[in-house]
Amino acid sequence: MQIIRVPVGAFITNCYIAEGQEPGRGFLVDPADNPKKLISILEEKQICPEAILLTHGHYDHILAVPKLQERWKEIPVYCNAKDIPESLTEYDMGQQFPTVRAFKNVKTIEDGQELVIAGTEITVMETPGHTPGSVLFLTKDAIFTGDTIFQGSIGRTDFEGGNECQMMQSLRKIKNLAIEDITLCPGHGDTTTLKWERAHNSYLKMCR
C-alpha cells in the first residue's frame, strides 16, 4: 500500500491518500480541508478513491468531504456512530461548520469490524477518549491513528465528549496490540512507529 500524507487546513491536519493493493484504487483518511488540492493529487496519481474513512468527527478532519463526494459520485463515508451527532452543523470560534450528519452516503462502523476497500483489508478499533467515537484503522502496512496518538504525545481530552479515563484505556489497547512494530499515521504531525511510541511516549509508558 502506498500512502501519501497531505497536511491541510488551519490546524495542519493530516489527510492520507492510500493506494490499495491494485494500482489506481484507493481511499482517503480524514480529508480535512482544501478539496481542490486533494482532488488534484488524486487525479495526478490516477487514484480513484472508493471510500472516505474518518478517525473521528471533528470538523478539522472532514471539511473536504462534500467536494470529494461531488467529484466521485457520493463516495461512501465511514464513521463511528458515536461521532455522528443529530445536528447538521456546529459552531466554533464564531463560525459554522458541517458535521458528519450533513454528508451523503454515511456508513457507520464499530469496534472489530473488518472492511475491504480498494483491495485493502482494514480493521476498525474503537479508541474513545479524544471523542466518544474515535477509531483507529489498522492495515498490514500502517495504522491510521487520528487524534488518539501522535508522535510522542496524545490527543486532547478536554474538548466536549473527551474523556481522560477512556483515553488511557484506549492507549492501553494500542500498547498491547499483538504487533511488534508498524507505521503509525497520526492526525497531526509526523508519522511514527508503534515500537518508538512504546519506548518513548510517556503516556503509553504509564499504561500497565
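Trainee: Which residues of α3 are called buried, and what makes them so?

Mentor: Met 167, Ser 170, Leu 171 and Ile 174 are the buried residues of α3. Buried means under 20% relative accessible area, exposed means over 50%, and partly exposed lies in between, with a 1.4 Å probe and protein chains only. These four cover an arc of only 100° around the axis, which puts them on the same side of α3. The arc is taken from the directions that run from the helix axis to the C-beta atoms. An α-helix has 3.6 residues a turn, so residues three or four places apart point the same way.

Trainee: What kind of model is this, and how are residues numbered?

Mentor: The model is predicted, with local features needing pLDDT of at least 70 and side-chain atom pairs counting only at pLDDT 80 or more, while totals for chains, interfaces and linings use all residues. Residues are numbered from 1 along each chain as its sequence is written, and side-chain values use heavy atoms, leaving out hydrogens and water.

Trainee: How do you know whether the span of α3 agrees with its number of residues?

Mentor: Helices (H or I, at least four residues) and strands (E, at least two) are DSSP runs, numbered from the N terminus. The expected span of a helix is 1.5 Å times one less than its number of residues. Helix α3 (residues 164–175) has 12 residues and should therefore span 16 Å; its end C-alpha atoms are 16 Å apart, which agrees.

Trainee: Where on α1 do the buried residues lie?

Mentor: In helix α1 (residues 35–44), the buried ones are Pro 35, Leu 38, Ile 39, Ile 41 and Leu 42. Seen down the axis of α1, they fall within an arc of 160°, so they line one face. Lys 36 and Glu 44, on the other side of α1, are exposed.

Trainee: What makes β3 largely enclosed?

Mentor: Strand β3 (residues 25–29) has four of its five residues buried, so the rest of the structure largely encloses it. Two strands pair if DSSP finds at least two bridges between them. β2 and β3 have four bridges and are antiparallel; β3 and β4 (residues 48–53) also have four bridges, and these two run parallel. Tyr 16 stands opposite Val 29 in β3, and Leu 28 has Ile 52 in β4 as its bridge partner. Five residues lie between the strands in the hairpin of β2 and β3, where Gly 24 takes a positive phi near 90°.

Trainee: Why do β9 and β16 count as edges of their sheet?

Mentor: The open sheet has six strands in the order β9-β10-β11-β12-β15-β16, with mixed pairing. β9 (114–117) and β16 (192–193) each have a single partner strand, so one side of each is left without a neighbour in the sheet. Inside that order, β12 and β15 run parallel and are joined by four bridges, and Phe 144 has Cys 185 in β15 as its bridge partner.

Trainee: What is the difference between a cavity and a pocket?

Mentor: On a 1 Å grid over the protein atoms alone, a cavity is a set of points where a 1.4 Å probe fits but cannot get out. A pocket is an open set with protein on both sides within 12 Å along at least five of seven lines, and lining residues have an atom within 4 Å of a point. Grid points are joined across faces, edges and corners, and a volume is the space filled by probe spheres set on the points. The structure holds one cavity of 30 Å³ or more. About 780 Å³ of space lies in the largest pocket.

Trainee: Which residues lie nearest the centre of the largest pocket?

Mentor: Its lining has 27 residues, and His 58, Glu 90, Thr 131, Phe 159 and Glu 160 lie nearest the centre. Strand β6 (residues 89–92) gives the most to this lining, with four residues.
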